[in-house]
Amino acid sequence: MPATKLAAPAPLSVRDGDAILLVGTMKGLFLLRAKPDRRRWESSGPFFPGSSVYGAALDTRGGRRRIWAAPSSMHWGAELAWTDDFGKNWSRPATPLVRFPEDSGASLKNIWQIAPGRGDDPDTIYCGVEPSALFASRDAGKTWQLNTGLWNHPHRAKWMPGGGGLCLHTVLVEPSIPGRLTVASSTGGAYRSDDAGKSWRASNRGVRAEFLPDQHPEFGQCVHKIAHSAARPGRLFLQNHWGLYRSDDGGDSWKDIANGVPSDFGFCVGTHPRDPDTAFIVPLHSDGFRCTPDGKLRVYRTRDAGESWQAMTRGLPQKDAFETVVRDGMAVDRLEPAGVYFGTRSGKLYGSRDEGRTWELLREGLPPIVCVKAGVADNVKAARPTGAIAKRTRKAA
Amino acid sequence: MPMRFLIPGPLQPFSGGRSSIAIDTSPSTVAEALAALAALYPGLRERVVTEQGEVRPHVNVFVAEVNIRDARGLETRLPEGCEIAILPNVSGG
């Protein structure tokens with residue numbers, strides 16, 4: 001008789017303005033909070049123990065304080081769940097919200113990305129899934145529809161699975177250009193829509209595919225991650241399966257910016273919330289090894305849009321650190337100065353509260369980290385003082 | 001005697017906490033039994049079979065002691081009053 005029973009994790013006590021981290025691992029989701037100074041982090045989890053969580057999002061639009069998560073059980077499948085109280089209660093609909101129509105011939109394997117829509121469209125939210133497809137909800141997540149424009153795209157039949165499966169792992173909602181969406185699939189490459197997802201076109205000009213005879217095809221690239229600049233419409237940074245690129249025209253063309261990095265192979269990329277010229281990557285040694293070069297864990301930061309990159313090493317191990325940071329393993333918050341975070345396959349979570357200059361080990365011993373998302377708490381009701389605090393408050397009054 | 005589903009712990013959040021569910025409609029196949037189960041607890045069938053109606057690759061369904069993969073799959077016939085056990089495979093990592 002199995003005797004283990006996991007205690008439910010204690011929910012976090014969160015206040016408006018707190019920094020929030022969602023850390024998805026191969027064995028569940030962990031939540032962290034800190035005051036805006038981000039000096040001390042409290043954590044809770046694992047939620048959904050035993051399930052991998054590749055997708056998570058904090059959605060504070062429309063007065064919400066909702067955390068979405070995409071637990072995926074090897075046995076029972078993937079689903080979308082949410083909490084409106086930072087983990088005290090989770091909603092898991094009996095019928096999974098995201099599911100392929102029967103006539104599609106496909107079955108959901110995993111949810112790789114949860115992306116809230118524009119701020120002025122608070123009921124729209126997207127999911128990128130495996131097999132590569134985009135789902136959208138227009139009613140705040142109650143119902144979801146397969147994006148048929150992309151699903152029926154003639155290119156899709158020729159997309160091939162990468163090491164992680166045939167997954168649509170990136171969904172970017174351009175904040176200042178209504179109707180513009182960019183998605184990326186491994187493999188398949190980047191695709192852009194300018195009509196809110198009705199039609200799509202490949203967006204890979206200049207991005208190479210080293211694993212194909214034609215190294216510059218229209219599509220079929222193995223894009224690992226794209227991040228956009230919130231501060232400059234149309235600016236994108238792309239970490240490819242070999243190749244590091246920037247676009248200043250919303251993906252119409254891409255420029256190689258692997259200037260001074262130890263490798264242009266890697267998975268993750270993050271952008272600064274206010275400075276369009278600042279981005280962060282973690283280069284890895286080759287697709288054969290996929291670990292940090294020379295056993296040094298280094299974040300590379302550019303302050304000039306990729307014209308040059310500097311190694312950020314203070315606080316990071318520079319010996320015997322053969323680490324891997326996967327495509328959703330990095331996040332940047334919007335606080336001042338911006339916080340940068342990344343998680344490793346060895347279960348270490350690092351954070352910087354000074355835009356990458358210095359780093360701290362926030363947690364270790366976690367299961368392999370596959371997803372890190374950063375946000376700021378909003379719409380949290382101010383806690384009413386109770387007990388001793390209340391008595392002191394009343395006495396003082 | 002009605003046939004009965006045995007529900008593993010991870011699925012009991014979708015069965016109202018019940019580990020055993022009786023089906024009174026006398027289904028003749030596993031597929032019919034799962035349809036009857038879905039009418040009672042829709043979340044259970046969804047986690048046993050995919051959108052395409054196939055048993056998930058890491059789930060085993062036993063009729064008595066026979067894995068339906070070794071029989072006729074979802075068309076496996078049900079003896080009267082049998083038990084259907086839904087069990088996770090030993091896969092993990």
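Does Cys127(A), at 0% relative accessibility, count as buried or exposed? Cys127(A) counts as buried, because its relative accessibility is 0% (buried means under 20% relative accessible area, exposed over 50%, partly exposed in between, with a 1.4 Å probe and protein chains only).

This is a predicted model, in which local features need pLDDT of at least 70 and side-chain atom pairs count only at pLDDT 80 or more, while totals for chains, interfaces and linings use all residues. Residues are numbered from 1 along each chain as its sequence is written, chains are lettered from A and ligands numbered from 1 in the order in which they are written, and side-chain values use heavy atoms, with hydrogens and water left out.

**Cysteines**

Over all chains, a search of the whole structure finds zero disulfides (pairs of cysteine sulfur atoms within 2.5 Å). For Cys127(A), the nearest cysteine sulfur is that of Cys371(A), 12 Å away. Cys291(A) is likewise in no disulfide, with the sulfur of Cys268(A) nearest at 14 Å. Cys291(A) is buried, at a relative accessible area of 13%.

**Interface of chains A and B**

Contact (heavy atoms within 4.5 Å) links 20 residues of chain A with 22 residues of chain B. The buried area, that is, the accessible area (1.4 Å probe) that two parts lose on being put together, summed over both, is about 1700 Å², and carbon and sulfur atoms give 52% of it. On the chain A side, Met74(A), His75(A) and Trp76(A) lose the most area to chain B, together 45% of what that side buries.

Two salt bridges are counted between the chains (a side-chain nitrogen of Lys or Arg within 4 Å of a carboxyl oxygen of Asp or Glu). Arg47(B) and Glu79(A) form a salt bridge through their side chains, at 2.9 Å from N to O.

**Backbone exceptions in chain A**

Most residues other than glycine have a negative phi, and most peptide bonds are trans. The table lists cases that depart from this; strands (E, at least two residues) and helices (H or I, at least four) are DSSP runs numbered from the N terminus.

| Site | Value | Loop |
|---|---|---|
| Ser186(A) to Thr187(A), cis | omega near -20° | Thr187(A): between β13 (181-186) and β14 (189-193) |
| Glu336(A) to Pro337(A), cis | omega near -5° | Pro337(A): between β24 (330-332) and β25 (340-343) |
| Trp242(A), positive phi | phi about 70° | between β17 (236-240) and β18 (244-247) |
| Arg290(A), positive phi | phi about 60° | between α2 (286-289) and β22 (299-302) |

Arg290(A) is partly exposed, with 29% relative accessible area.
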